[in-house]
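Biologist: I've got the model open and some time to go through it. Can you walk me through what's in there?

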Amino acid sequence: MIKKEVVIIGGGPSGLSAAVEAAKRGAKVLVVDENLRAGGQLFKQIHKFFGSSAHRAGIRGIDIASELLEEARECGVEVWLNSVVVGLFKEKKIAIKKKLSDDSEKLEIIQAKKIVIATGASENAVRFKGWTLPGVMGAGAAQTMINVNRVLPGKRILMIGSGNVGLIVSYQLMQAGAEVVGVIEAAPQIGGYGVHAAKIRRAGVPIYTSHTILEARGDKGVEEAVVCEVNDNWEPIRGTEKVFKVDTITIAAGLKPLIELAMMHDCKCSFIPQLGGWVPLHDENMESTNPGIYLVGDVAGVEEANTALEEGRLAGTAIAEALKYISLEDAGKLKKEIWQRLNELRMGPFGEARMLAKNNISARCKI
Amino acid sequence: MNMRIDNHIILGKDERKEMVEIKVDGKTIQAKKGEMIIAALIANGIRINRYTVKKKEPRGIFCGIGQCTDCIMTVNGKPNVRTCITPVKDGMIVDTQYGVGRKE
Amino acid sequence: MVLRKTGYLTKEELVNSKCYPSEERFKKGPVAIIECTEEIPCNPCELACKFKAIKIGKPITNIPILDENLCTGCGLCIAKCPGLAIFTVDKTYSDKEGLISFPYEYLPLPVTGSIVKAVNREGKVVSSGKVIKVLNNESLDRTPVVTIAIPKEKLDEVRGIKRLESKDLK
C-alpha cells in the first residue's frame with residue numbers, strides 16, 4: 001500500500017486549486033483524475049469569466065486551466081491521469097484503477113492523511129417522448145464536442161433550458177458555426193444572466209419562456225422537435241404546439257453533485273435543491289462530517305467555476321493548517337480573505353439562495 | 001457536410017494535421033490522430049453508436065464525458081468501450097454495438 | 001423587468017436604470033453604454049477604464065454606473081466585459097450617420113468598408129451599416145470590436161450585425 005499525505009480526487013478547477021494551495025505551503029499532494037488530462041470542464045469554458053480580478057475575472061476558462069496546471073507543476077503536485085477512483089474505505093484508503101501505458105489496468109491502494117473529494121457534477125436529463133434518440137444530448141456534451149473535440153454535434157439545434165449553461169452553450173454553438181433555432185424555458189422567466197440572454201437574442205435566437213418540449217421525432221436520430229406552451233401549473237397547453245426542424249436537441253436542465261464517493265465514506269448528505277440535490281454536508285473549511293475528508297467544487301453544491309476555485313483554495317489552506325505547514329494565525333487570515341471573495345460571488349439575486357444554503361450547511365455541520 | 005470546426009474565433013485554427021485510419025462497421029474512415037472515437041464518428045456523419053438490448057433502439061452521444069455510457073461501442077472486439085473518452089488509434093476496429101455486445 | 005421575459009433590454013429600461021448617457025452627452029462625442037442592469041458578481045469594466053468613468057465599488061454585485069463626463073468613448077471597456085454588454089456610440093460622426101462599436105466573437109469577421117446588416121437587441125435587421133473598423137489585437141484577447149456607421153436615428157437601437165457566412169465575404 002502506498003502512503004500519501006494529501007490525495008485529491010478530481011483535477012478540475014476546485015481540485016487543482018486545492019492541490020496548488022496545499023502544495024505551495026509544503027504538503028505533498030497527489031491529484032487523481034480519470035481523464036487523459038487534468039483541468040476538468042475548464043477546457044470547454046472558452047468564455048471570459050465573471051467576478052473580480054481576485055477571481056481571475058475577464059480571463060477565459062481555458063486559459064485559467066492552463067495557468068492552474070502550470071502552477072500545479074511548479075509547486076510539485078503529482079498527477080495521475082487515466083486513473084479512476086473506484087472505492088473509498090475506512091482509514092482513508094483509496095482504491096484506484098490506474099491505466100498503464102500499455103493499456104493494461106492496475107489496482108492501487110493508497111492511504112492518505114487527508115482526502116479532498118472534487119468529483120464535480122453531472123448533467124440532469126429531461127425525459128420526453130423520443131429523448132433517447134441520437135441527437136438528444138446534454139448541453140455540456142455539445143459544449144465538449146465543439147470546444148474540446150472541435151466537431152459539431154449538429155447543424156440546427158434547439159436548446160432546452162435558459163439558465164447560464166443553456167444561454168452560454170447556445171452562444172458557443174453559434175461561435176462554432178451551428179444555428180440555434182431557439183431556447184425553450186418552462187419557467188415564465190429566463191433563468192440565467194440577462195447579459196448572456198441579450199448576447200444570443202441579438203444574434204437572432206428566440207427564447208420561449210413558459211414552453212416545454214413534448215417530443216423529439218425522427219427515425220434514426222432527431223429530425224424534429226415539438227414544443228408547446230405551459231400554463232401556470234406547468235402543464236402543456238394543447239393547440240400551442242410548434243414544430244422545429246432540427247437535427248440536435250441539447251438539454252441544459254441543471255446539474256447534480258457526484259456524491260457517490262462521499263457516500264461511500266459515510267459523509268452525511270442532505271437534499272438541498274438550491275445546490276443541485278443531495279449534497280454532502282461540510283463546514284467552513286470544506287471538511288465533511290468525516291474528519292480529514294474535504295469536499296470542494298460542484299460536489300459540495302453546484303455553483304460556478306469561480307466559486308469552485310475559491311472553495312479549493314479554502315480546503316487547501318485548511319489542510320496545510322491541519323498538517324501544520326502554516327500557523328493557525330496565517331491560515332485564519334488566508335481563509336478569511338477567501339471567504340470574503342466567496343461571499344462576493346454569492347451576492348445579488350443570482351447568488352443569494354446559494355449563499356443561504358451554503359451557510360445553512362456549515363451551521364448544520366456543527367450540530 | 002463538414003462537421004469539423006477547422007477555424008474558430010477563440011480557439012484559432014485546428015493545427016492537428018496528422019490523420020489515422022479506423023474501421024467503423026467495416027468501412028475505413030479518417031480520424032485525427034489522438035482524437036476521441038466519438039469525434040471521428042461525428043466528423044464522418046455517424047451518430048448511432050449502439051442499439052439497446054430489448055427494444056433495439058438507437059443510441060448516440062449523451063454526456064460526452066464518460067459518465068452515461070450511452071455512446072459505448074465494440075472496439076477491437078471488446079464491447080462497452082466509452083467512445084467519448086477513448087482516443088482513436090491507427091487501425092482501430094470500431095463496431096456498432098448490439099445490446100450488451102453480441103451481434104445477433 | 002422585461003429583460004427577464006424577453007432576454008433583451010429596452011431603451012426605457014436602460015434609461016430608468018440610469019445606465020444610459022444623456023442626449024447632451026451624446027452631442028459631445030463618443031460615449032460608452034453599459035447594458036448591464038442586474039446585480040451580478042462582476043467588475044472587470046471598472047478596472048478597464050483608464051479614466052475611472054465606470055464605478056462599481058463594493059460589493060462587486062453593484063450595477064456599473066458610468067460617469068458620462070469622465071467617459072471619453074475610447075472603447076477599452078468593450079472587450080473587457082465578460083458579458084459582452086458594453087457598446088460605444090458616437091452620434092457626432094456625420095450629419096446623417098453615427099457610429100456604434102460592439103464586441104463580435106464570430107468568424108468570419110466583417111471586412112472594413114463592406115456593407116453589413118445592422119441588427120437591434122432582438123436580432124432583427126433594422127438598417128444597413130458600413131464597416132468602419134475591425135479591431136482584433138492581442139489586448140482584446142479574442143474579443144474583436146467592430147465599428148459600423150449607421151443612420152443616426154438607429155443608434156439607440158442597433159447593437160450588432162447579422163452574423164456573416166463565408167459566402168458573404170466573396
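Predicted model: local features only at pLDDT ≥ 70, side-chain atom pairs only at ≥ 80, totals over all residues.

Biologist: What is the phi of A:R150?

Modeller: A:R150 is not a glycine, yet its phi is positive, about 60°. In general, most residues other than glycine have a negative phi.

Biologist: Is A:R150 buried or exposed?

Modeller: A:R150 counts as buried, because it has 21 C-beta neighbours inside 10 Å, and the cut-off for buried is 20 or more.

Biologist: Which other residue has a positive phi without being a glycine?

Modeller: A:W234 is one, with phi near 65°. A:W234 sits in the loop between strand 13 (224-229) and strand 14 (242-245) of chain A.

Biologist: Buried or exposed, that A:W234?

Modeller: Exposed, because A:W234 has 11 other C-beta atoms within 10 Å, and 12 or fewer counts as exposed.

Biologist: Change of topic: helix packing. At what angle do helix 7 and helix 8 of chain A cross?

Modeller: Helix 7 (residues 305-322) and helix 8 (residues 328-345) of chain A cross at roughly 165°, and their axes come within 10 Å. That makes helix 7 of chain A roughly antiparallel to helix 8 of chain A. The crossing of helix 7 of chain A past helix 8 of chain A is left-handed.

Biologist: Which residues of helix 7 and helix 8 of chain A meet?

Modeller: On the helix 7 side of chain A they include A:R313, A:L314, A:T317 and A:E321. On the helix 8 side of chain A they include A:L334, A:K335, A:I338 and A:R341. By class, the contact between helix 7 and helix 8 of chain A has 9 nonpolar, 3 polar and 5 charged residues.

Biologist: How does helix 1 of chain A pack with helix 7 of chain A, angle and distance?

Modeller: Helix 1 (residues 13-24) and helix 7 of chain A pack at about 35°, and their axes are 7 Å apart. Helix 1 of chain A passes helix 7 of chain A in a right-handed crossing. Helix 1 of chain A contributes residues including A:L16, A:A19 and A:V20, and helix 7 of chain A contributes residues including A:L309, A:G312 and A:G316. The classes in the contact of helix 1 with helix 7 of chain A are 12 nonpolar, 6 polar and 3 charged residues.

Biologist: On to the interfaces. How many residues does the contact take from chain A and from chain C?

Modeller: 34 residues from chain A and 34 residues from chain C. On the side of chain A that touches chain C, helix 4 (164-175), helix 5 (194-201) and helix 8 each supply at least two residues. Helix 5 of chain A gives the most to that side, with 7 residues. The residues of the side of chain A that touches chain C divide into 16 nonpolar, 13 polar and 5 charged.

Biologist: And between chain B and chain C, how many residues from each?

Modeller: 4 residues from chain B and 4 residues from chain C. The side of chain B that touches chain C has 2 nonpolar, 2 polar and no charged residues.

Biologist: What is chain C built from, in helices and strands?

Modeller: Chain C has 5 helices and 9 strands. Its radius of gyration is 15 Å, close to the 15 Å that the globule rule gives for 170 residues, so chain C is as compact as a globular protein of that length. Of the 170 residues of chain C, 47% count as buried.

Methods: Residues numbered from 1 in each chain as written. Chains lettered and ligands numbered in written order. Axes fitted to C-alpha atoms, helices over the stretch in contact; angles between N-to-C directions. Helix = DSSP H or I, 4+ residues; strand = E, 2+ residues; numbered from the N terminus. Parallel < 35°, antiparallel > 145°, perpendicular 65-115°, else oblique. Left-handed = near helix turned anticlockwise from the far one by under 90°. Contact = placed C-beta atoms within 7 Å. Nonpolar A, V, L, I, M, F, W, Y, C, P; charged D, E, K, R; others polar. Rg over C-alpha atoms; globule rule 2.2 N^0.38 Å.
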